[in-house]
Amino acid sequence: AFLLDEERLKRLTRGEAAREMFSLTCTQEFITNNQDVVEGYIAATVEHAAPMYSLKRQADAILAHDTYDRLPQLKTPTLVIAGGADRIMPADNSRLMASLIPNAELVILKNVGHGFFYEAVDEANKAILDFLARSRHYRGEQT
């Protein structure tokens, strides 16, 4: 809903918008215990802010994009990774996606939100690197 409320977004400074987005992306516990990460995210977001039209197009795409019926056609190794406490895209959506993709691997990182790559850096990187190593083997490449 945050990205969809254009009028509200226009009233916020870039810093306020970044702070609000981060609060939706990560768990409150992470935010409380990692203010340096939060402030770094806000500074980077303000310095390299996406134009409003870009955010609007992203929101429109999120609402209009529907390819669930095509997921069973995927042939490549697929990792679906999500935060178990994701408030933007609930983990049940990732479970559904993984169930529709042939041989997909599903990783749900517990107690983290949509920004799992902030909250569970080591776990996320391990899951991704392990998956990539297995998929290289699957394709017959040297590891």
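## A first residue and the model

Asp122 is found in helix α8, which covers residues 121-138. Helices here are DSSP runs of H or I with at least four residues, strands are runs of E with at least two, and both are numbered from the N terminus. At 66% relative accessibility, Asp122 counts as exposed. Exposed means over 50% relative accessible area, buried means under 20%, and partly exposed lies in between, with a 1.4 Å probe and protein chains only. Asp122 and Ala44 stand 78 residues apart along the chain, and their C-alpha atoms are separated by 22 Å.

This is a predicted model, in which local features need pLDDT of at least 70 and side-chain atom pairs count only at pLDDT 80 or more, while totals for chains, interfaces and linings use all residues. Residues are numbered from 1 along each chain as its sequence is written, and side-chain values use heavy atoms, with hydrogens and water left out.

## Confidence

The chain averages a pLDDT of 89. That score is the predictor's confidence in each residue, from 0 to 100. At least 70 is reached by 91% of the residues. Among the elements, strand β2 (residues 105-109) has the highest mean pLDDT, 98. Helix α1 (residues 6-11) has the lowest, 74.

## Overall layout

The chain holds eight helices and two strands. From the N terminus on, the order is α-α-α-α-α-β-α-β-α-α. The C-alpha trace spans about 50 × 35 × 25 Å along its principal axes.

Of the 143 residues in the chain, 27% are buried.

## The cores

The largest nonpolar core has nine residues: Ala18, Met21, Phe22, Cys26, Phe30, Ile31, Val38, Tyr41 and Ile42. Helices α2 (14-25), α3 (28-33) and α4 (35-47) each supply at least two residues of this core. A nonpolar core is a set of buried Ala, Val, Leu, Ile, Met, Phe, Trp, Tyr and Cys residues joined through side-chain atoms within 4.5 Å.

Cys26 belongs to the largest core. Not counting residues up to four places away in sequence, Cys26 touches Ile31, Gly115, Tyr118 and Glu119.

## How α2 meets α4

Helices α2 and α4 pack at an angle of about 135 degrees, with axes 9 Å apart. The axes are lines fitted to C-alpha atoms, for helices over the stretch in contact, and angles run from 0 to 180 degrees between N-to-C directions. The two helices, α2 and α4, are therefore oblique to each other. Angles under 35 degrees count as roughly parallel, over 145 as roughly antiparallel, 65 to 115 as roughly perpendicular and the rest as oblique.

On the α2 side, the meeting residues are Arg14, Gly15, Ala18, Arg19, Met21 and Phe22. On the α4 side, they are Val37, Val38, Glu39, Tyr41, Ile42, Thr45 and Val46. Ala18 sits in α2. At 2% relative accessibility, Ala18 counts as buried. Leaving out residues up to four places away in sequence, Ala18 touches Tyr41, Ile42 and Thr45. Ala18 and Glu39 are 21 residues apart in sequence and 9.6 Å apart in space, C-alpha to C-alpha.

Ser94 lies in helix α6 (residues 91-100). Ser94 is buried, with a relative accessible area of 6%. Beyond its neighbours within four places in sequence, Ser94 is in contact with Val80, Ala82, Leu106 and Ile108.

Asp60 has its place in helix α5 (residues 52-64). Asp60 is partly exposed, at 35% relative accessible area. Asp60 and Ser99 are 39 residues apart in sequence and 26 Å apart in space, C-alpha to C-alpha.

## Two asparagines with positive phi

Most residues other than glycine have a negative phi. Asn103 has a positive phi, near 60 degrees. Asn103 is in the loop between α6 and β2. With a relative accessible area of 75%, Asn103 is exposed.

Asn111 also has a positive phi near 60 degrees. Its loop runs between β2 and α7 (116-119). Asn111 is exposed, at 66% relative accessible area.

Methods:
Contact = heavy atoms within 4.5 Å.
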